[in-house]
Amino acid sequence: MKFLIKPFAEIMIKSKPVRKRYLRILQTNIKLWLKDIEPEIKVHLFWDKLEVNYIWELAENKIIQVRKILSRTPWVESFLEVQAFVLPTSPQPSPLKERGQEQNQINKIIFDFVFEKARDFYADKIEGKSFVCRVKRSWNHDFRSIDLERYVWWWLLQNAQKSRVDVKTPDITVSIEVKDENLFIVKDIFSWIWWYPIWTQDKVLSLISGWFDSWVSTFQMMKRWARVDFLFFNLGWSAHELWVKQVASYLSKNFSAWYSAQFVTIPFEDVVAELIKNINSKYRAIILKRLFLMVADRLASEYNYYALIKWDSLWQVSSQTLKNMFIIDKASSTLVLRPLIAYNKQEIIDITQKIWTYSFACNMPEYCGVVSDKPSTWAKLEKVLKEEEKFDFTLLEKAIENKKVERVRDMLKEYNSPHPNPLPEGEGIATNEIEICYVPWENEVIIDIREEEKINKSPLLVDGVEVLQIPFFDINHKFKDLDMSKIYLLYCDKWVISNLHAHYLKEKWFINVKVYRPLEKGCKIK
C-alpha cells in the first residue's frame, strides 16, 4: 500500500528551480507530520509527484490518520491510495523470428496479472453496478492503454453478475496506473485542498470575532499560505475568549501546523464602555472597527506584519458598504485584505462545513451590544472623525499596553490546570453551568444590563420584583458592591450578553448569579 500525491497544478508550471524547491518543502512538511504516526513512513520525491511508502503494513486506524493529514496538507491537490505490484518480468530474449509471437505471450501474461489484481479489489464493488476501466500508462510498453482497458473490463464482466460497462456515467471507475514495470491499483482518489506550500508568503494578522466569517477569512489566507497570527478583542468575557482560542487552535493544528502562530488578546471592555457612553449610536459600529484597525496597525509595526485580514463581505451588514469600509480603512496605514469581499453568507457557511468549523460557529455567541438599532450605512468621513474626537484615546493606549501575546500551541494549557484560587471550604462551589430563571422568586433581584437607550424604549417591568439598571459595560466592576445575600438575575433582550456576563461572574466565584428570561405570551413552564 502507498499514497501517490499530485501537487498543486499551479506550482507545476513554475520554472524548474522554483518547482524543485517547492516540492522539497512539501516533502519536508509531509515527513514532519507523518513521523508522529509511524516513524518508518518514507516520502519519496519525483519530478511530477510524491510517494508515501511504509515498510510494514499499517493498521487501519493509522491509514485513516494518513488520509486525514494528506487531505489537509498545503499544496496537495489530490492523492491516490494505491496497492503497488511489480509486473511479471520478461523472459530471456529469443531469436528474432520468434519475438513477435513471444511478445504477444508476454502481453497476455501482463494482462492476466493486471486483471487478477483488479478483480481481487473491484469484483465485489462492481457487483450489480455499471463500471468502466481506465488505464494511465507511462514509459515504453509493447501494448496500448486502451487494449489493457478492454481486456480488464471484458474479464471483469465475465466474473461479475448483473454488471455492465458504462463509459460515460459509470457507478464505479476501475482505476489502474502502469509506470515502468510497476502496477498500481487505485483504491481511492481524494481531492480537497489546492493551496500553496508553507513559507511562500509572509506574516499577516487576522482579526477574529468567533463567528462564521472570521474563521473562513483566516482559512482563506492559510490556503494561500500566508503565515497567519490571530488578533482577538476581548469585550469582557473569558468564556468567549476561551471559545475563540479553541477554534484558533483547531485551525492552526489542522491547516497551519508547521507555523508556530501567535494569539494576541486585547482587553477591550473599557473601550466598549467608552463607546456606549460618549459616541452616537449611529457611528458606533464604524468607530469600533476603526479602533480595531488602529490597534492592529500598531501591532503590524511592532511585529512586522505585512497585511491585516478582515472578514467583511460587501453589503452584508451596515458597516460593510464600500463607503463605510473606505472610512474604516483610513484608520490604518497597513494593507487591509478582505478575502470574503465577494462572498454571500451561504457561501461562507458552506466553507465552514468543509473545514469543520460550522459547529463551532453555530454555538459561538455573537456580540450584539455595541451595534445600534439604526447604524449609518453611508457615513461621511468628516462626521465620523468629528464624532471620534469624543473618544478618550488613553483607554485605547491602555488596552494596547495590557495586550497578551501567546503561542497558539501553548495557550490552552492554562485552562486544563486546576483553578489557582479555589473557594474556601464551606463557601460553596462555582460551576460553569448558568441557571436560567423564568419566574423570579423571593430574594431574587433582576439586573437589566441593556444600555440606557434600549431601556428607555422598552423598560422591563416585573410585578413584585426589584429591577436594577446596570449597563453591561459596568456590571463586572459594580457587581461586587451589591448585597451578596441576594440572588441576581441578569437580563438582556437577546440573552447573549447576559449569559456571557453570568459566566464571567461565575468564574470570579460569584455563585449568586443567574440569567433571567421572561416567558413569552403563550409559553408555559413544564
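I began with L322 and found its place in helix α10, which covers residues 322-329. I kept in mind that this is a predicted model. Is L322 buried or exposed? I noted a relative accessibility of 60%, so L322 counts as exposed, the cut-off being over 50%. I then looked for a surface patch here, and L322 does belong to a nonpolar one, together with L314, W315, I341 and W378. I wrote down about 570 Å² for that patch.

I followed β13 to β12, which spans residues 307-309. The two strands run parallel and are joined by two bridges. I also looked at who faces whom, and saw L308 opposite V336 of β13. A reminder to myself: strands of a sheet pair through backbone hydrogen bonds, either parallel or antiparallel.

**Entry: N53**

Last, I turned to N53, which I located in strand β3, residues 50-53. Its relative accessibility is 16%, so I put N53 down as buried, given that buried means under 20%. What does the side chain of N53 make a polar contact with? I found the side chain of K2, at 3.3 Å. Setting aside neighbours within four places in sequence, I listed the contacts of N53 as K2, E40, I41, K42 and H44.

Key:
Residues are numbered from 1 along each chain as its sequence is written. This is a predicted model: local features need pLDDT of at least 70, side-chain atom pairs count only at pLDDT 80 or more; totals for chains, interfaces and linings use all residues. Side-chain values use heavy atoms; hydrogens and water are left out. Helices (H or I, at least four residues) and strands (E, at least two) are DSSP runs, numbered from the N terminus. Buried means under 20% relative accessible area, exposed over 50%, partly exposed in between (1.4 Å probe, protein chains only). A polar contact is a pair of N or O atoms within 3.5 Å; within protein, one must be able to donate a hydrogen and the other to accept it, and residues adjacent in sequence count only if both atoms are side-chain atoms. Contact means heavy atoms within 4.5 Å. Patches are made of residues with over 30% relative accessible area and no salt bridge: like charges are joined within 9 Å, nonpolar side chains (Val, Leu, Ile, Met, Phe, Trp, Tyr) within 5 Å. Accessible areas come from the Shrake-Rupley method with a 1.4 Å probe; for residues, only the protein chains shown count as cover. A salt bridge is a side-chain nitrogen of Lys or Arg within 4 Å of a carboxyl oxygen of Asp or Glu. Two strands pair if DSSP finds at least two bridges between them.
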